[in-house]
Amino acid sequence: MMALHPLGSETVYDVAIIGAGIVGASCADEAAAADLRVVVIESRGIGGGATAAGMGHIVCMDDSEAQFALTHYSRELWRRLASELPPDVEFNPCGTLWIAADDEEMTEVLRKAAYFGARDVRTEVLDTTQLARLEPNLRPGLAGALLVCDDAVIYPPCAARFLLERACARGAAMAHGWVEHIDSRNPMVIKLSDGRSLRAAKVVYAGGAWTPELAPLLAEGFPMPVRKRKGHLVITDRYPGFVRHQLVELGYLKSAHSVSADSVAFNIQPRTNGQVLIGSSRQFGDEGSTVNPAILTRMLERAHEYMPGLANLTAIRVWTGFRAATPDKLPLIGPYPGDARRILATGHEGLGITTSLATGRLLVDQLIGRASAIPVEPYWPKRMDKEAAHAH
Amino acid sequence: MCGQMHRGQKSEEHRLETLRETEVLVIGAGPAGIAAACSAAECGRRTIVLDDNPLPGGQIWRGKEDPNATKWLSRAQRAGVQMIHEAQVFAAMMNDTRVVMAETPDGLCAVRSPCIILATGARERFLPFPGWTLPGVTGAGGLQALVKGGLSIEGKRVVVAGSGALLPAVAAYLHEHGANVRLVAEQTSWLQLIAFGASLVLRPSVAMQGLGLIPQLLGIPYEAGCMVTAAHGEAKLISVTLRHGSRTWQVDCDYLACGYNLVPNLELPVLLGCAIANGYAAVDEWQESSLPGVYCAGELTGIGGVDRSLIEGQIAGYAAAGKQGKPKAQALWPQRQALCAYAERLDRAFALRDDLKALATPETIVCRCEDVRRAHLDALAPGSWRMAKLHTRCGMGACQGRICGPAMSFIHDWPMESTVSTRPPLFPVRMETLTAAGLTERTAEKTGEVNR
Ligand SMILES: Cc1cc2nc3c(=O)[nH]c(=O)nc-3n(C[C@H](O)[C@H](O)[C@H](O)COP(=O)(O)OP(=O)(O)OC[C@H]3O[C@@H](n4cnc5c(N)ncnc54)[C@H](O)[C@@H]3O)c2cc1C
Ligand SMILES: Cc1cc2nc3c(=O)[nH]c(=O)nc-3n(C[C@H](O)[C@H](O)[C@H](O)COP(=O)(O)OP(=O)(O)OC[C@H]3O[C@@H](n4cnc5c(N)ncnc54)[C@H](O)[C@@H]3O)c2cc1C
């Protein structure tokens with residue numbers, strides 16, 4: 001059971017965290033562990049935003065050094081936490097297979113293997129035959145794959161709940177409501193849509209893709225650089241053993257990288273109960289949650305190309321979710337330019353489940369002046385616009 | 001439970017051929033749907049009916065020689081209604097052009113129509129209690145359907161339980177087919193039944209069946225204010241415990257046929273975007289929903305039996321036919337009014353008692369697809385159906401909450417419509433069919449090419 005913020009309470013919290021997605025939950029967990037007085041404010045229920053929609057792939061990425069550092073560090077935090085996670089988090093250290101369709105993509109496999117190898121990330125390079133043996137339902141004749149051994153899969157909403165319950169056990173409180181406005185008095189006054197207000201010395205904006213609604217500006221004259229990027233997923237009935245690893249086409253990188261066009265990629269995941277989760281699509285500009293049949297079809301056609309047998313499985317549900325995308329594909333973790341009491345923890349795009357634990361840890365390191373395990377500057381919001389940084 | 005593997009693939013050409021066009025599309029071939037189709041077609045509208053069963057007739061007429069059914073079905077044939085059976089509607093596209101997609105044994109069947117009549121009927125509500133998942137425990141209408149489908153009930157001992165006008169009808173049917181019906185256990189009290197009966201003098205004979213007259217004539221004990229609190233057995237059912245007030249007793253039986261009233265199949269109206277009020281599809285006097293050109297008829301708008309469904313179906317069909325049909329629709333309004341009042345009385349007479357909420361113990365499974373136990377839900381106190389799903393997987397399985405949704409809505413006082421799955425596919429479909437759905441959209445939008 002979670003402790004509720006008592007109505008009418010005069011408490012001045014050290015930190016108020018807006019949003020109980022996996023990022024807010026991790027921030028709360030870390031802040032409570034550091035003995036800070038914490039309140040988490042959420043209106044939709046725990047993990048009801050992107051956290052309910054995401055795939056839950058815990059993956060080490062190598063887009064940039066900063067992305068590698070964050071995903072790798074966070075993946076290590078997940079692995080350390082694994083033995084404490086309750087069964088409903090479904091932690092499954094199944095590893096990732098980055099699939100190379102042809103020889104050109106195979107060179108990318110080798111490059112990745114070298115990159116990860118140099119940084120102590122365990123991998124194995126697989127040829128056509130080895131890949132077919134590991135994943136017999138892939139189409140024959142693929143060039144090979146890179147197995148990233150220590151990647152994993154979780155069920156995100158229950159992970160968020162676990163983190164929040166732990167935070168509450170350490171004294172954090174929950175408040176149910178939608179934050180409408182934050183008054184930057186001292187302490188700050190957080191106004192909810194039902195007329196209540198709470199007080200806190202610092203505020204963490206962990207509202208995911210909804211952060212711009214509350215905080216339209218990063219600094220005067222500079223819009224919050226977070227946009228909704230819609231994704232579709234399909235889940236099947238149970239087919240134990242049909243897929244054994246998280247499978248991602250190397251072409252995925254092209255899809256995730258393009259920052260404008262709609263794109264789809266083959267990206268599928270085994271659930272522990274035998275269900276197969278099929279992704280993924282990326283779209284800007286469509287902010288409704290309804291399923292778009294045309295992009296869904298493209299996504300499924302792509303999946304069938306890699307795994308023809310998928311066509312004969314039964315789909316039970318399709319849903320959509322919104323990633324919080326930034327222009328440089330790195331999250332925003334750290335203070336507003338010019339106001340250190342307001343701290344951002346958003347913009348995690350398609351990696352927020354992975355990087356949630358590191359986000360909470362790095363953010364609280366900065367709150368309490370503790371040394372961090374990796375450099376924190378690459379994620380500071382002030383990088384977004386040099387002028388924004390100097391606006392105050 | 002594991003998924004089914006399907007065989008075979010369809011060519012691109014086949015997919016394009018599957019887009020049909022019509023003027024009125026009816027979904028559901030029960031009494032409401034058939035009456036709607038007849039009425040629209042007799043006014044000269046090209047009419048297609050999609051239904052997910054191999055035979056027309058809906059819950060009540062299917063697989064039975066019924067003169068009323070024969071009359072309506074031959075009328076539909078004469079009027080040129082095109083019936084497409086084994087077509088389960090799982091998605092729809094509702095922008096400038098309206099296309100409804102169904103899965104058939106041959107793959108996707110998509111129909112474009114400016115006007116859509118929804119007549120998807122109702123299903124039974126199951127409430128969880130210890131032992132309800134044992135083999136031998138079925139729905140009330142469920143057991144009837146099994147017998148219609150060939151199950152031999154000859155000499156079997158059956159307890160019929162739950163609530164609603166359906167129970168006596170099912171008991172009588174099972175008795176006719178040789179079952180030894182030991183008891184009909186109705187949860188609502190005699191007091192409520194009598195209050196209901198007193199206001200029924202003007203009602204058609206079907207209603208009198210509903211009042212339990214038939215079972216009494218047949219010598220079947222009918223006990224009101226009585227409920228099944230547990231079903232016992234290891235591999236299959238051997239007995240049930242019943243409770244009436246403070247008295248509890250056990251009855252040996254081979255089958256327990258147990259259902260708590262009917263709940264409307266709101267999935268499709270909700271998916272299309274129709275407004276819901278008080279747990280039913282909201283309609284105006286023409287049976288038109290909040291979406292212009294989309295009509296709802298039959299159990300979707302209230303549970304009131306076959307007569308009401310027939311009248312509402314006709315009104316919807318005539319109204320959908322436009323100017324020419326409207327006077328005919330209007331002429332039926334007085335009849336509908338009487339039947340709707342009856343439906344409301346039914347709802348009140350068979351309102352579920354609060355103590356049914358406590359039948360499930362902490363160990364009782366509440367979601368059969370995902371094996372979720374009550375204790376798990378209670379411990380998390382999720383506060384809404386969505387949170388229950390997210391954190392316990394209740395309602396996330398193959399049936400998408402069709403079974404546990406109405407039960408959880410009752411137990412936790414969550415609005416019925418909040419437990420309705422609103423995402424395609426409304427039913428499990430082959431991945432291939434889901435893929436074809438988007439292709440059809442492309443065709444519909446870009447070429448306008450259709451198969452009539
Ligand atoms: C299709 C898809 C697939 C994905 N797959 C993966 C994957 O495999 N691996 C991975 O690592 N990541 C994945 N992601 C990304 C991941 O889901 C997100 O990055 C992550 O869930 C973000 O968590 P969050 O807590 O920042 O946001 P959210 O989960 O969206 O939480 C934000 C919360 O804040 C609340 N909120 C917002 N504003 C207010 C306010 N004013 N007042 C009160 N509450 C407010 C919202 O209600 C919401 O609950 C995927 C995303 C999508 C859409
Ligand atoms: C299990 C059960 C047993 C019943 N037994 C009796 C009885 O013995 N006596 C009695 O008086 N009343 C009985 N009823 C009540 C009776 O069904 C109604 O009074 C009356 O038939 C309602 O007619 P309808 O046309 O509204 O719905 P229905 O008769 O239920 O017809 C709806 C039709 O639509 C189809 N359908 C639904 N969704 C879709 C979709 N997405 N795609 C394609 N097709 C779809 C259904 O399969 C069905 O064929 C029973 C009801 C149920 C649920």
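Begin with chain B, which is divided into domain 1 (12-122 + 264-349), domain 2 (126-260) and domain 3 (354-420). The model is predicted.

**Stop 1: domains 2 and 3 of chain B**

Select domain 2 and domain 3 of chain B and display the contact between them. Domain 2 of chain B contributes 13 residues to this contact, and domain 3 of chain B contributes 14 residues. The size of an interface is often given as the accessible area lost when the parts come together. Between domain 2 of chain B and domain 3 of chain B, the buried area is about 1,200 Å², and carbon and sulfur atoms give 73% of that area.

**Stop 2: ligand 2**

Remain in chain B and select ligand 2. It is surrounded by 31 residues, of which B:Gly28, B:Asp51, B:Asp52, B:Val89 and B:Glu299 are the closest. B:Asp51 places a polar side-chain atom 2.7 Å from an oxygen atom of ligand 2. For B:Asp52, the distance from a polar side-chain atom to an oxygen atom of the ligand is 2.3 Å, and for B:Asn53 it is 3.1 Å. Ligand 2 on its own has 970 Å² of accessible area, and the protein covers 92% of it.

Several elements of chain B supply at least two residues each, among them helix 2 (31-42), strand 5 (88-94) and helix 11 (305-320).

**Stop 3: ligand 1**

Move to chain A and select ligand 1. Of the 33 residues around ligand 1, those that come nearest are A:Glu42, A:Arg44, A:Thr51, A:Val179 and A:Thr354. A polar side-chain atom of A:Thr51 is found 2.5 Å from an oxygen atom of the ligand. How much of the accessible area of ligand 1 does the protein cover? The protein covers 97% of the 1,000 Å² that ligand 1 has on its own.

The elements of chain A that give two or more residues to this shell include helix 1 (22-33), strand 18 (314-325) and helix 10 (352-368). By class, the shell around ligand 1 contains 14 nonpolar, 15 polar and 4 charged residues. Domain 1 (12-52 + 157-221 + 329-391) and domain 2 (93-150 + 227-325) of chain A each provide at least three residues of the shell.

**Stop 4: backbone details**

Most residues other than glycine have a negative phi, and most peptide bonds are trans. Select A:Glu349, a residue other than glycine whose phi is positive, near 45 degrees. A:Glu349 sits in the loop between strand 20 (339-346) and helix 10 of chain A.

Then select A:Asn186 and A:Pro187, which are joined by a cis peptide bond with omega near -5 degrees. A:Pro187 belongs to the loop between strand 9 (179-183) and strand 10 (188-192) of chain A. Finally, return to chain B, where the peptide bond from B:Pro424 to B:Pro425 is cis, with omega near -5 degrees. B:Pro425 is located in the loop between helix 16 (404-412) and strand 24 (429-430) of chain B.

Notes:
Residues numbered from 1 in each chain as written. Chains lettered and ligands numbered in written order. Predicted model: local features only at pLDDT ≥ 70, side-chain atom pairs only at ≥ 80, totals over all residues. Heavy atoms only, no water. Near = heavy atom within 4 Å. Polar contact = N/O pair within 3.5 Å; in protein donor to acceptor, adjacent residues only side chain to side chain. Areas by Shrake-Rupley, 256 points an atom, 1.4 Å probe, with all protein chains shown as cover. Helix = DSSP H or I, 4+ residues; strand = E, 2+ residues; numbered from the N terminus. Nonpolar A, V, L, I, M, F, W, Y, C, P; charged D, E, K, R; others polar. Domains from an automatic or database assignment. Contact = heavy atoms within 4.5 Å. Buried area = accessible area lost by both parts, 1.4 Å probe.
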